[in-house]
2 protein chains.
Amino acid sequence: MKQGFEDAGSAAVLVWRGERIESRHRVAFAVADAAGALVHGYGDPSEAAFPRSAVKPLQALAVLESGAADRFALTPVEVALACASHNGEPSHVSAVAAWLGRLGLKPDALECGVHPPSYDPAAEALARRGEPPSPLHNNCSGKHAGMLTLACHLGVPTGGYVERGHPVQQRIAAILAEMADAGPLPAPAIDGCSVPTFPLTLPQLATAMARLADPGRLRPELATACRRVQSAMREHPDLVAGTGRACTAIMTALPDVLVKTGAEGVYAAALPSRGFGMALKVEDGSGRAAPVALLALLDALGAIDEPARATLDEIARPKLRNHRGLLVGRIGPAPGWPNLAQQFGPWNE
Amino acid sequence: MKQGFEDAGSAAVLVWRGERIESRHRVAFAVADAAGALVHGYGDPSEAAFPRSAVKPLQALAVLESGAADRFALTPVEVALACASHNGEPSHVSAVAAWLGRLGLKPDALECGVHPPSYDPAAEALARRGEPPSPLHNNCSGKHAGMLTLACHLGVPTGGYVERGHPVQQRIAAILAEMADAGPLPAPAIDGCSVPTFPLTLPQLATAMARLADPGRLRPELATACRRVQSAMREHPDLVAGTGRACTAIMTALPDVLVKTGAEGVYAAALPSRGFGMALKVEDGSGRAAPVALLALLDALGAIDEPARATLDEIARPKLRNHRGLLVGRIGPAPGWPNLAQQFGPWNE
């Protein structure tokens, strides 16, 4: 038997240069319903992945379910930012700053660390003004503002809210386990923004997203929290990511679909009209392959209408140009993938 | 049989978050000698990859072998730059500008396209001066200066020297085929800098690098060209890449080894003291995995001494830190890989 690239199977995103395959990204995925039944899947269902920022909409549930959001009168803008990996654009930064102000906190209460805005024009504007980036510009600042809101509500110290043993993280872990039907979660690692990231299998993450989509069987506080996250993300897709970002473009073009990206090639999605949740992981962690895989799966599930297909074409099948602007290649799903009927097989063998 | 990530085998570079594998990069490689014999290998030896910039030392041979380098009195600095994917640092840019001046050409003769210097401080200095980047800053400008030198020597038009049908590219293709023992090369695609990139199998690329390392059986002009490329790269590892770059660090620490990176996870290496050539491709094109795989292979071949092992540790096993500087993970070869004896199997089955 030959070993090497041939065994990629069809669950892959390919990178072509000219008419030849140059690189190959393998993809595992799960589609589940709110009862936790696996509807489609490819890969090893027992292998856990770090969901990274793809769980932000689930982490945000704790802020709502606990009553913290009502106590501090969070708006849909703030709920959307709690679910966001935002660009650090002025609209994101000013809203998080105002939110913290309402909590009586300063930006340095955020323990997410500092990086320049992800959106180049915002980073350039900051540099032109000679201003260093602050924690407000961190793509996770909205999630962290939500965590601080929860700490204030719980009456616990805000300092150290990112630590695994802090009541805020313990509450979030409990909600994650409840949503994912996961029992006690395995030991977490540390995420890019310093909070715990708990390993979940793709069926578990898909189940949690299915319950976000179809919360009818959850306890009332959690079901209401899911509906508020849904409507905030639908209302403000620009705040969940930002200008030029796949999450924003996809949710704008497909108002029935909620999507959230995570680092290292993860995507989570909720399809309220179908009651499905979805999770995917690109084996190698590639950010270029993840949105291509997501759209291929959404398309196979019938979730992309013709106008949206045209709008999203450059995300679904990006063209590659070189430094002179010449068209040199393209990225797209492997021919024939995803055939959902076929993909269902491997997980049941 | 389970399908998914399990079948990665041991030929992989892993990314850990905490103590759990987060992402996995599969690697194919070949080690060959100057007679074209495969010494070690993993993957499908018949699958062609685009070598991208990893062939620059081979493309540069045409400038030397043709007599162009002598006619225009190229120095080792210029030969090293012809082999380079440089950082666009002042030392790189000024040397290429002076070289073009000696040919009576201006920077706009370069048809490589424009991108800002790869080295951030150089890009920032340019931006501070309000200067737009020029083709001189393109990481391929030295290679293109070499191609223009060859065009001048051949007495053919310099305009269009990047085109597949131009005598410069035809001459380079012939040298590539001769070095790689490849016969007529398959149709090329277009590289990032607009020149043709010809698909080569990893054994072919490894054979070409072995002949660069051990040119004794080549015709005299080509053998001399190989020796001049060897000594220029050894003498000027800082010009082949630049500050903070893996190629420069590896050649500085290992003066018996020549290495050259290429886009989409390719590395080529020549080991003159062993007479070996080496080529590897990360299946998914990952730039973070390629130097890790290269050093794992060089180590398995006994090419890394103890002082170099310490110097190169951060390239061989990079630590991952988050936005607060916390240690969150690491990258390294899969446990047990590469076991060269085992890896040799698959290609002979």
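What rotation, and what shift along its axis, superposes chain A on chain B? In this predicted model, the rotation is 180°, the shift along the axis is 0.0 Å, and the RMSD is 0.0 Å. Such a relation is that of a two-fold axis. Within chain A, the C-alpha nearest to the axis belongs to A:D284, at 3.5 Å from it.

On the side of chain A, 55 residues are in contact with 56 residues of chain B.

The size of an interface is often given as the accessible area lost when the parts come together. Here, chain A and chain B bury about 4,700 Å² between them. Carbon and sulfur atoms account for 47% of that area.

Next, the polar side of the interface. There are 30 residue pairs in polar contact between chain A and chain B, with both residues at pLDDT 80 or more. Ten salt bridges are counted between the two chains. One of the salt bridges joins the side chains of B:E264 and A:R288, with an N to O distance of 2.7 Å.

Which elements of chain A give two or more residues to the side that touches chain B? They are β2, residues 20-33, β5, residues 189-190, and β12, residues 327-333. The largest share, seven residues, comes from β2(A). By residue class, the side of chain A that touches chain B divides into 19 nonpolar, 16 polar and 20 charged residues.

Is A:L222 buried or exposed? Its relative accessibility is 0%, and therefore A:L222 counts as buried; the cut-off for that term is under 20%.

What surrounds A:L222, if we leave aside its neighbours within four places in sequence? The residues in contact with A:L222 are then A:L61, A:E65, A:I175, A:E178 and A:M179. A further position for orientation is A:V55, which is 167 residues from A:L222 in sequence. In space, the C-alpha atoms of A:L222 and A:V55 are 15 Å apart.

Conventions: Residues are numbered from 1 along each chain as its sequence is written. Chains are lettered from A and ligands numbered from 1 in the order in which they are written. This is a predicted model: local features need pLDDT of at least 70, side-chain atom pairs count only at pLDDT 80 or more; totals for chains, interfaces and linings use all residues. Side-chain values use heavy atoms; hydrogens and water are left out. Contact means heavy atoms within 4.5 Å. Buried area is the accessible area (1.4 Å probe) that two parts lose on being put together, summed over both. A salt bridge is a side-chain nitrogen of Lys or Arg within 4 Å of a carboxyl oxygen of Asp or Glu. A polar contact is a pair of N or O atoms within 3.5 Å; within protein, one must be able to donate a hydrogen and the other to accept it, and residues adjacent in sequence count only if both atoms are side-chain atoms. Helices (H or I, at least four residues) and strands (E, at least two) are DSSP runs, numbered from the N terminus. Ala, Val, Leu, Ile, Met, Phe, Trp, Tyr, Cys and Pro count as nonpolar, Asp, Glu, Lys and Arg as charged, and the others, Gly among them, as polar. Buried means under 20% relative accessible area, exposed over 50%, partly exposed in between (1.4 Å probe, protein chains only). Copies are superposed by least squares on the C-alpha atoms of residues with pLDDT of at least 70 in both.
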